[in-house]
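Reader: I am new to this structure and should like to understand the terms used to describe it. Please set each description against its definition.

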Amino acid sequence: MSLLTNVMDHSLDDGYAEAAARKKADGSGGMPKTLRAKLGLAAGLVLAALVVTVGAAQARVAAPVVAKEREELVDRIEAETSAADKLEKSVDELRDDVNTRRREALEKSGGGDRSDLVGMLSGAVEVHGPGVKLVVDDAKDVGTGADGQPRGTSGFSDTGRVRDRDMQRVVNGLWESGAEAISINGQRLTALSAIRAAGDAILVDNRPLVPPYTVLAVGDGERLSRGFQDSADGLYLHALQESYGIRTAISVADDLKLPAAPSVIVRTAQPITEKGTS
């Protein structure tokens, strides 16, 4: 008990106590005592208050300028977007005119039917007909799969999301099952189309798409649907649904309309000759 009593009575070391007593006796502790020290402290406080006041005033003055610049930027974006839409509409009109003139010229030379087939297969013209509609969407809880376990990904931080490789397999499975034309979210696919990723976004021919991904495939609807679901890629999509919560829905449609591809580049061309002619 004597040790505890000594500790309680002498909580401050004797050396610290003596130093504090000397400092107090010399008058060097506490608030400044001299007029010069007091004036220096007051000047410091005034300077600090002035800096804060000036900063607040500058921020208030700059706020309208920043808001105005933001409005101008938004207006420019809207104007450029409108101009791009008009140009895209003009391109579509010119493409339709070119297709009409080409069809007329080929009909005169006897190659109209074959031209229509080539145009449909290449994606140069819009098509419609029976087929299947396949909707693929992310899981409701994109952080985990349906079983609560994280979905394994190759370099992606999130899980339960549809990836570019998933859509690649879906499209390849539909082609293999007999699809004659395919589009994703209104974007027509061609033999040169690429499905890639940029971060978490899926790009089709460098155009970003957002889920849900609606895939339209023209072909024999019943046969196409059955063939895809029984194929390796269809089973892969079913596994994503069962294991990771990816949502899918496939249905047969009597009439689907697919747009033409936005740009089809002719790399080579040669005249079509009938058999027995040169």
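**The sheet and its helices**

Author: Five strands, in the order E3-E2-E7-E1-E8, form an open sheet with antiparallel pairing. Its edge strands are E3 (187–188) and E8 (247–258), each of which pairs on one side only. The model is predicted: local features need pLDDT of at least 70, side-chain atom pairs count only at pLDDT 80 or more, and totals for chains, interfaces and linings use all residues. Residues are numbered from 1 along each chain as its sequence is written, and side-chain values use heavy atoms, with hydrogens and water left out.

Reader: Which strands does helix H6 touch?

Author: Helix H6 (residues 221–230) packs on the sheet and touches E1, E7 and E8; contact means heavy atoms within 4.5 Å. The direction of H6 makes about 155° with that of E8. Such angles run from 0 to 180 degrees between N-to-C directions, the axes being lines fitted to C-alpha atoms, for helices over the stretch in contact.

Reader: Why is Ser225 called buried?

Author: Buried means under 20% relative accessible area, exposed over 50%, and partly exposed in between (1.4 Å probe, protein chains only). Ser225 has 9% relative accessibility and therefore counts as buried. This residue is found in helix H6, and it touches Val132, Ile250 and Val252, not counting residues up to four places away in sequence.

Reader: How do you know that the span of H5 agrees with its number of residues?

Author: The expected span of a helix is 1.5 Å times one less than its number of residues. The 13 residues of H5 should therefore span 18 Å, and its end C-alpha atoms are 18 Å apart, which agrees. Helix H5 (residues 164–176) lies across E1, strand E2 (181–184) and E7, running at about 160° to E2. Buried residues in H5 include Asp164, Met167, Val171 and Leu174. After H5 comes Gly178, with a positive phi near 115°.

Reader: What share of the protein counts as buried?

Author: Of its 278 residues, 24% count as buried. The protein has seven helices and eight strands; these are DSSP runs, helices (H or I) of at least four residues and strands (E) of at least two, numbered from the N terminus.

Methods. Two strands pair if DSSP finds at least two bridges between them.
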